[in-house]
Every structure is written in structure tokens, then in C-alpha cells.
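Trainee: I am new to this structure. Please show it to me, and let me ask as we go.

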Amino acid sequence: MVAVHPISDPRCAHCHNEVPSGSVFCCAGCATVYEVLKAKGLGRYYDLRGDIPISPAKTTQRDYLDFDDTAFRDKYTLPRAPGRQHVDLYLEGVHCAACLWLVEKVLKDEPGVIDARLDLGKSTVAIDWDPARTELSTLGRDLDRLGYPPYPAASTDRRAARKREDRKLLVRIAVAGACFGNAMLMALALYGGLFAGIEAEFSQLFRWGSLLVAIPTLLYSATPFYRGAIGSIRARVPHMDLPIAVGLTLGSLAGLVNTVRGDGEIYFDSLTALVFLLLSGRWLQAKEQRRATDAAELLYSLAPATARLADGREVPAENVQPGTLLEVRPSEVIPADGVITQGASSLDLSILTGESRPVEVELGASVSAGTLNLTHAIIIRAEKSGSSSRMGRLLALVEEAAEHRAPIVLEADKLAARFVVRVLVLAAITLVVWLFVDPAHAVDHTIALLVVSCPCALALATPLAVSAAIGQAARAGIFIKGGDTLERLARPAEVWFDKTGTLTEGAQEVVDERGEALAGAALARATQHPVSRAIARKYPRATAPSDAKQTLGGGVEGTIEGTRYALGSPHFILDTKGARIEGALDDARQEWARRGLTPVLVADLDARVVIGAFAVADTTRPDAAASIARLRALGYSPGILSGDDPLVVAEIGREVGITRARGGVSPEAKLATIAASRGPVIMIGDGANDAAALSRADVGIAVFGGTEASLGAAHVFLRRPGLAPVVDAFEGSRRALRVIRRNMRLSLVYNLVGVTLAALGLIGPLGAAILMPLSSLTVVISSYRSRMFRRSP
Amino acid sequence: MSVLYVLLPVAVLFAAGFVGAFVWAVSGGQLDDLETPQHRVILDDDGPSPRG
């Protein structure tokens with residue numbers, strides 16, 4: 001039962017978006033969810049959520065039987081105990097506390113569910129359930145009907161490994177933090193003793209105490225630095241970990257000697273502080289980066305996972321055997337390469353070819369996995385599935401391309417490497433000089449130099465700025481998968497755009513019309529063909545004639561107010577139906593064809609004459625031309641690489657202001673173009689046909705609405721529609737790089753001052769202890785107070 | 001001042017105890033998700049569930 005909703009409210013009762021007056025819901029999805037909620041007595045969801053509009057509910061109405069498959073169970077679920085199975089599902093459409101309440105409530109009300117916990121940050125729900133009492137497919141259907149279509153998250157062992165790694169780092173930080181606190185307390189007592197006097201007995205106690213609490217940090221928490229240093233020596237590349245490891249080792253040895261000797265500095269407070277701060281910086285950076293990679297990976301797992309057999313059963317798409325008959329309904333993705341054995345339809349091949357116009361296919365035609373069936377249900381006989389299909393081979397190319405990408409050393413790392421070498425040289429000079437001047441204090445001064453110059457702020461400078469930048473970018477709808485991508489983005493480069501779905505909307509629209517159009521608009525209502533739908537969208541008030549008859553691959557005809565009309569391709573209208581076309585209409589049709597637009601004709605069949613014409617095309621995004629202009633102003637040189645007809649590509653290029661427009665480029669040729677570029681090259685795309693090029697480019701950017709393959713391959717992906725966020729990404733990364741450089745300069749100044757003082761023997765342990773955290777603090781503030789990524793209006 | 005010989009080990013033991021508690025919390029998964037709990041706390045239970 002649906003509760004009464006005030007009809008006068010112009011907003012959808014579920015998602016609160018505007019709806020045409022008179023309707024209660026914006027779409028069938030929202031209506032379903034609303035009814036399910038009311039029927040289950042879960043109306044409290046609306047109280048919790050408040051009035052803010054959300055995106056309309058999406059339900060797939062799938063039966064999720066593949067969730068009960070043994071292959072699925074082995075790959076994605078984990079037995080916790082007898083009668084207790086665990087699974088992580090990624091949910092689409094999760095956004096707020098109300099979703100949290102709803103998802104957990106619905107699952108826990110299902111008998112057989114032992115525990116369900118939603119992670120809002122990752123949009124995943126962890127479910128423990130008893131397979132004997134409920135099937136996972138039941139839970140899948142529950143979630144789907146509420147507008148949260150579930151997908152299996154990454155395989156269990158990968159997730160478990162990552163979780164272990166995260167927890168280990170946290171424990172290292174905790175140990176280092178506790179040791180740092182205690183070592184500092186004892187160091188304070190020792191410093192106090194320097195001024196106020198302290199009995200040798202007690203200063204010795206504090207020395208041994210400091211040594212004791214420092215041991216866990218130096219031997220356990222700091223192991224990543226030793227490993228990094230050893231790797232750096234083996235690879236013969238100076239790395240930030242090297243001076244840290246040298247400083248730690250020398251410092252602890254000297255501290256140990258002085259503790260046993262009962263005289264001099266022990267350094268344990270500074271060493272533990274160093275390890276704690278460095279590890280914390282790494283954790284912050286990893287957290288922000290993980291957010292982007294996680295999001296990409298989860299979206300990657302949305303790939304079409306099931307195929308429907310001709311008898312209606314669903315099976316995992318990768319297990320489809322050659323020769324199997326599969327049913328593909330309209331607006332479903334074709335799950336395997338094959339041949340049509342029954343029916344005919346039109347397909348959207350843009351994912352493979354970039355061709356924006358729908359392609360008609362009939363009995364006996366070959367179809368490729370990954371392409372979209374648009375208009376009619378068809379039966380296909382599978383020939384190749386999974387990794388051996390054309391799509392599978394394309395995805396293999398993606399991985400190969402990723403391995404070929406030239407490695408780049410982050411500017412900050414290069415600077416740090418030079419810094420490392422200089423510090424080591426300076427330390428050696430200090431040691432030798434002081435051995436002549438004052439042998440008793442030579443080791444002391446050297447270690448003071450190593451500790452004070454310890455690139456603490458320098459080490460924090462980059463990770464903090466990168467972490468702040470990646471976090472800000474994510475909030476602005478730009479997900480960046482790694483710190484080095486920031487630098488690649490900031491450098492002026494060749495920028496190649498894909499056309500369909502990137503520069504254009506990826507959907508057909510009426511761009512021009514001549515003559516009498518209304519009869520055609522009425523006929524367009526009668527079919528699901530994308531071109532007809534474009535015309536129908538333009539004239540929402542037209543109603544379809546009741547006797548409309550459709551001819552596949554041609555057009556549609558019907559009677560309106562006693563006259564017979566037809567709407568269709570020039571071939572259908574002029575040749576099949578034998579209508580004449582004259583004068584201005586004929587000129588328009590030929591001009592459209594030259595510009596790469598799709599002409600559609602309307603004919604009066606009684607008089608056998610063409611009375612109207614539409615031009616349909618994929619239109620450019622409204623912000624495309626402005627974004628390209630901004631990009632040029634930043635010093636990037638844009639171009640188009642598209643699989644579509646060169647005529648169409650040239651026309652789009654003219655519209656957005658790009659002269660370097662190449663059409664008819666296959667996915668393999670796109671990859672070759674990227675690989676052949678000499679300078680830095682950036683690829684921006686959305687389809688599987690761009691994926692290999694995205695992966696091979698210095699930076700690959702997948703735009704909003706891109707396919708899973710492109711999201712997986714890209715280094716940056718966008719969660720906001722349009723091209724403006726692309727330019728935001730470029731501008732933001734430039735600002736981020738400026739902040740990194742500023743941080744480096746700040747910490748270098750601190751270090752230069754510190755090193756000079758230490759080399760001259762002017763700085764005591766107390767001074768070093770003040771200078772070090774001060775420099776780190778400056779860097780922290782400088783990173784988090786800077787606004788790097790902004791949303792352009 | 002010789003009380004330090006007692007206090008210092010006690011302080012270190014305390015620290016070890018807290019590190020132990022933190023390790024226990026981490027390995028129990030309490031720090032895996034740092035975002036959701038802040039939302040969960042405002043959703044109070046509306047009575048016992050049908051299954052008790």
C-alpha cells in the first residue's frame with residue numbers, strides 16, 4: 001500500500017527531484033523503492049534522510065541467481081564458522097546515514113542473516129549469513145529492490161591482504177607513538193638535569209630507560225625504512241629512506257655507546273619522534289590514495305557478470321561455452337562474441353569502435369561482447385567468451401600497455417635524492433674536520449647534524465601535500481590514483497580526446513529539421529530506436545498512431561488523421577516506399593550527409609512525397625568548447641582520436657575548436673599513436689576502445705560515465721559530468737605542485753639553518769628538538785591550508 | 001628519589017598496556033572503517049527486532 005503523497009508537490013516522493021506536474025514519482029525505480037519501503041513498514045527512512053534530493057533510485061530487477069553459484073561462492077565468499085558465511089558486496093547508490101539504517105535493517109530482518117555492516121566510505125556491506133537458512137540471491141534481490149544493486153567486491157584474498165597491510169602500519173605507528181611519548185618524557189628529565197643538576201645515578205636510569213623504550217621503535221616500527229634503504233643501495237638510486245636509515249643506525253649506535261659510557265647525548269627521543277612522524281605522514285598519504293584506487297577497483301568489478309541462457313537461466317558470463325544459445329534483451333550488454341540465430345536489432349558499438357550511430361544487425365550477423373543491444377530481443381550462438389572475446393583481448397592489451405609506461409621519478413624525489421647525497425657528504429666532512437679540531441665531540445656533532453638535517457619536514461613535505469591534494473580532488477569529483485600522476489598532469493603535454501561520450505554526450509539528438517515534422521514525431525513515439533527516441537524527446541507531446549508498423553533497419557509507418565505517413569532512413573523512404581524528394585529538402589539532406597549527420601525523412605505515403613526531414617547527431621557537451629579554450633590557455637595542445645567517421649570527427653573538431661582531429665582510428669591504432677608520441681602525452685576517453693591508450697599514456701583520464709574498462713585503465717577518473725572537471729584537474733595539479741615546491745623550500749631553509757648550526761657545533765640537543773617539530777608543523781599547516789582543487793562553476 | 005626505580009618500570013608497563021589495547025582494537029577491525037561509526041551513533045534502535 002502506498003501512503004498518500006500530496007499530488008501538488010512537484011517533486012518525486014522518493015528522490016525529491018523535480019517531476020512533471022501530476023506525477024508522484026520521477027521514474028519506475030523510485031516508485032518501486034517507495035512501495036517496498038511502505039510495505040515493509042520502513043517509512044522511517046524518509047524521516048532520517050530529510051529533504052535533500054538524491055539521484056533517482058535504480059533497480060535492475062535481476063534475479064541474482066548467480067550469487068548462489070558454487071563458483072561465485074568460492075571466489076567471493078569466505079566461511080567464518082559452520083553455518084556462517086561471509087561476503088563483501090559493493091552497493092550502488094549508497095550516500096547517507098539513512099541508507100546505512102535501511103541497508104542494515106533490511107538485511108538483519110531477513111532470517112538467516114547473522115550480521116550486516118555497511119561501510120559508507122567504501123560503499124560496501126559486509127554480510128555474515130547462514131547459507132542453510134537463506135540464499136545470498138534473496139539478499140541480493142532485497143538490496144536491488146531498495147535501489148542498491150549489489151555487486152561482488154574484489155576477491156576475498158586480495159581484500160584480506162590489503163586489510164592486513166593497513167593494520168600492520170597502524171600498529172607500527174602506535175608502537176612508535178608510545179615509545180616517542182615515553183622517550184620524550186625521560187629526555188625532558190635529562191634536559192632538566194642539565195640545567196638544575198641531576199645525580200649521575202638517576203641520569204643513568206633515564207638513559208637506560210630511554211634505550212629500553214626506543215628499542216621497539218628502532219627494531220620494529222622502523223623496519224620499512226631499513227628495507228627501503230637496502231633496496232635503494234641495491235638499485236643504486238639515492239632514496240629518502242637512505243639517510244633516514246643511516247641516521248637511525250648511527251644515532252642508535254651512538255646512543256647505545258653513550259648509555260653504556262654514562263655520558264653524552266642519547267638521541268632516542270629524536271629518533272622515535274622521527275619514526276613516528278614519518279610513518280604518520282605515510283599513513284595519511286596512503287589513506288587518500290587508497291580512496292581513489294578502491295573506488296576505481298569497485299567500479300571495475302561491475303563488469304557484466306552474467307549471461308542469460310535461452311531458457312532464462314543466468315550463468316557467469318566467463319563460463320559460457322561455445323555453441324551455447326544466449327538471449328539478449330533490449331538495453332542489455334551482449335555477454336559473448338557470437339552470431340545472431342534469431343531476431344534482428346540495432347546495436348550500439350561505440351564501446352568498441354567509437355562509432356556513435358547505431359548499427360543494424362540481422363540474422364547471421366556477428367556480434368561482439370561488450371556492445372549494447374538497443375531495440376529488440378535477440379538470440380545469439382556464443383563463439384568466444386571471457387578473455388578470448390575481442391573485448392577480452394582488448395583488456396589484455398590494457399594490462400600490457402600499463403607495463404610499458406615509462407617510469408618517472410617524482411620531482412620531489414629527485415630533489416630529495418640530491419639532498420640525501422649532500423647530507424651524507426656534509427656529515428663526513430663534519431666528522432673529519434671535527435676530528436682535527438675537537439676529537440672528543442666529533443661524533444656528537446656529526447650525529448647532531450644527521451638528526452637535525454634529518455629530512456623530517458622534507459620527508460613530510462611531499463606526502464602531506466599529495467595527500468591533501470588527492471583528498472581535495474576527490475571532494476571535487478576528481479579521483480587521482482597516485483601522487484606521481486599529479487606531476488604528470490601539471491606538465492604541458494599533448495592531450496588526445498576521444499570523441500563519442502567524451503567531447504560529445506554519447507547520445508543521439510536532433511540538431512536540425514526542415515519542413516513538416518509533427519507527423520514524423522508521432523511515428524517516432526512508436527519505436528525504441530535511438531534515432532526515433534531522439535526525435536520523440538524533442539516533441540514530448542506527440543502521440544503514436546495505433547496502427548504503427550515498424551520495418552527493421554528502415555523505419556516506421558502509420559495512419560494519422562486518415563493519412564498514411566512514414567518515417568525512416570533515406571533508403572527506406574525513397575527506395576522501399578518510393579517517395580519523391582525535391583528542392584530544399586533534398587539540398588538539406590545532401591548537406592547533412594556531407595557533414596556526417598544522420599538524415600531522417602518523413603513522407604506522406606498517399607501523395608508519395610517527402611514532406612519533412614530531421615538531422616540527428618551526437619551533440620558536443622555544452623562545456624566542451626570553453627574547456628578546450630581554457631586548456632589551450634594553460635599550454636596544453638589538444639587533439640581528437642576517434643573511431644568514428646572522419647567527416648563526423650572533423651565537424652565536431654570545428655565545433656569545439658580542435659583542428660588536429662583524426663577519425664577512423666581503431667583501438668589498436670589509438671594505442672600506437674600514444675606510444676609513438678615523443679613528448680608527454682595525456683589521453684582522455686570513456687570507452688573500452690580507449691582503455692589501452694589510457695593505460696599507456698603518461699596520464700589517462702576517464703570521464704564521467706565511462707565504461708568499467710576505461711575506469712580500471714585510467715590514472716584519473718571523474719565523478720562529475722562534462723569536461724570542466726578535466727580542466728579543474730589540470731589546474732588543481734598545478735597548484736598542488738606549487739604547494740609541494742613551497743613545502744620543499746620551507747623545509748630546506750629549516751634544514752640549511754639547522755645543518756649550518758650543527759656543523760659549526762653551535763646547536764645543542766635542545767635547539768634541535770625545538771627546530772625539528774617546528775619545521776614539520778610549518779609543512780603540515782602549509783599543506784592543509786592550501787586550496788588546490790576547486791570546482792569550476 | 002629512589003621511588004623512580006619503581007615508577008619508571010610502572011610507567012613503561014602502563015604504556016605497554018595501552019599499546020596492547022590499541023593492537024587488540026586494530027586486530028579486531030575497529031579501525032578499519034573510520035567513517036561510518038559517526039553516522040551509526042545517531043541511529044537509535046527502535047525497539048527490539050522481531051527475532052529478539
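Mentor: This is a predicted model, where local features need pLDDT of at least 70, side-chain atom pairs count only at pLDDT 80 or more, and totals for chains, interfaces and linings use all residues. Residues are numbered from 1 along each chain as its sequence is written, while chains are lettered from A and ligands numbered from 1 in the order in which they are written.

Trainee: At what angle do helix α24 and helix α25 of chain A pack, and are they parallel or oblique?

Mentor: Helices (H or I, at least four residues) and strands (E, at least two) are DSSP runs, numbered from the N terminus. Axes are lines fitted to C-alpha atoms, for helices over the stretch in contact, with angles from 0 to 180 degrees between N-to-C directions. Here α24 (667-676) and α25 (688-696) of chain A have axes 7 Å apart, at an angle of about 15°. Angles under 35 degrees count as roughly parallel, over 145 as roughly antiparallel, 65 to 115 as roughly perpendicular and the rest as oblique, so α24(A) and α25(A) are roughly parallel.

Trainee: Which residues of α25(A) make the contact with α24(A)?

Mentor: Two residues are in contact if their C-beta atoms, placed from the backbone, lie within 7 Å. From α24(A) come P667(A), K670(A), L671(A), I674(A) and A675(A). From α25(A) come N689(A), D690(A), A692(A), A693(A) and R696(A).

Trainee: How do α8(A) and α9(A) lie to each other?

Mentor: Helix α8 (223-235) and helix α9 (241-261) of chain A have axes that come within 8 Å. These axes cross at roughly 120°. That is why α8(A) and α9(A) are oblique to each other.

Trainee: How do the residues of the contact of α8(A) with α9(A) divide?

Mentor: F225(A), Y226(A), G228(A), A229(A) and S232(A) of α8(A) meet D241(A), L242(A), I244(A), A245(A) and L248(A) of α9(A). Ala, Val, Leu, Ile, Met, Phe, Trp, Tyr, Cys and Pro count as nonpolar, Asp, Glu, Lys and Arg as charged, and the others, Gly among them, as polar. The division is seven nonpolar, two polar and one charged.

Trainee: Which strands stand at the edges of the open sheet of six strands?

Mentor: Two strands pair if DSSP finds at least two bridges between them. In chain A the order is β17-β22-β21-β20-β19-β18, with antiparallel pairing. Each edge strand has a single partner, so one side of it is left without a neighbour in the sheet. The edges are β17 (504-515) and β18 (549-551) of chain A.

Trainee: Within that sheet, which residue of β22(A) stands opposite T598(A)?

Mentor: β21(A) and β22(A) pair in the antiparallel sense over seven bridges. Opposite T598(A) stands V616(A).

Trainee: Is E561(A) buried or exposed?

Mentor: E561(A) is in the loop between β19 (555-560) and β20 (563-568) of chain A. Its phi is near 50°, a positive value in a residue other than glycine. A residue is buried if 20 or more other C-beta atoms, placed from the backbone, lie within 10 Å of its own, exposed if 12 or fewer, and partly exposed in between. E561(A) has 8 other C-beta atoms within 10 Å, so E561(A) is exposed.

Trainee: What is phi of R608(A)?

Mentor: R608(A) lies in the loop between β21 (598-604) and β22 (609-620) of chain A. With 11 C-beta neighbours inside 10 Å, R608(A) counts as exposed. Phi of R608(A) is positive, in a residue other than glycine, and is near 55°.

Trainee: How many residues of helix α16 of chain A are buried?

Mentor: Helix α16 spans residues 483-490 of chain A and is mostly covered. Among its buried residues are D484(A), E487(A) and R488(A). The count is eight of eight.

Trainee: Which helix gives the most to the side of chain B that touches chain A?

Mentor: In all, 24 residues of chain B are in contact with 23 residues of chain A. On the chain B side, α1 (4-27) and α2 (37-40) each supply at least two residues. With 11 residues, the most comes from α1(B).

Trainee: What share of chain B counts as buried?

Mentor: Chain B has two helices and zero strands. Of its 52 residues, the buried share is 2%.
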